Amino acid sequence: MKKLIILVTIALALMFSGCTQETQNKIGRSIQNWTGTDGVLDIYMGEKLVKRFIKIDKLSTAEATQGKSSRTYRYGYGVLDANQNLKVDPGEKKLYFEISDYSTSYIFYDNPGHE
């Protein structure tokens, strides 16, 4: 059993060392998505907080349907926190959202009240 664990560890180490940095980042993000996070997205208009989404497990960059370039927006699923209290209250539902990389001022972070 110990030999199997050692062989698997060596194989994984060799696999990761042969990957590009971007591939390693994608693997890391997929592991993080699998374990889950409790992300918060705050959207600002000037200095004023105008929208907050909570319970976001991933904020993704849209990929072009043809070619390898990224599109100019990010998207995800989260609960619209209408009263901006960082909690899911009755009536607050999970929604799909998109935000522009060019014109949207936003901050994406882990919920500080997450346990």
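Let's start with Lys55, which is partly exposed at a relative accessible area of 43%. In this predicted model, the Lys55 side chain meets that of Asp38 in a salt bridge, at 3.9 Å from N to O. Lys55 belongs to strand 2 (residues 48-56), while Asp38 sits in the loop between helix 2 (21-35) and strand 1 (39-45), so the contact ties together parts that are 17 residues apart in sequence. Asp38 has a relative accessibility of 5%, so this residue counts as buried, the cut-off being under 20%.

## A second salt bridge

The search of the whole structure turns up two salt bridges. Besides the pair above, Asp42 and Arg52 join through their side chains, at 2.6 Å from N to O. Here strand 1 supplies Asp42 and strand 2 supplies Arg52, a link between distant parts of the chain, 10 residues apart.

Both partners are on the buried side of the cut-off: Asp42 has a relative accessible area of 3%, and Arg52 comes in at 10%.

## Tyrosines in a cluster

Now for the aromatic rings, where the whole-structure search finds three pairs. In one of them, Tyr75 and Tyr96 have ring centres 6.1 Å apart and planes at 35°, so the pair is tilted. Tyr75 is in strand 4 (residues 70-80) and Tyr96 in strand 5 (residues 94-100), so their pairing ties together parts that are 21 residues apart in sequence.

Tyr75 is partly exposed at 28% relative accessible area, and Tyr96 also counts as partly exposed, at 41%. Tyr77 joins the group too: ring pairs link Tyr75, Tyr77 and Tyr96 into a cluster.

Notes. Residues are numbered from 1 along each chain as its sequence is written. This is a predicted model: local features need pLDDT of at least 70, side-chain atom pairs count only at pLDDT 80 or more; totals for chains, interfaces and linings use all residues. Side-chain values use heavy atoms; hydrogens and water are left out. A salt bridge is a side-chain nitrogen of Lys or Arg within 4 Å of a carboxyl oxygen of Asp or Glu. Helices (H or I, at least four residues) and strands (E, at least two) are DSSP runs, numbered from the N terminus. Buried means under 20% relative accessible area, exposed over 50%, partly exposed in between (1.4 Å probe, protein chains only). Rings of Phe, Tyr and Trp (its six-membered ring) pair if their centres lie within 6.5 Å; planes under 30 degrees apart count as stacked, over 60 as edge-to-face and the rest as tilted.
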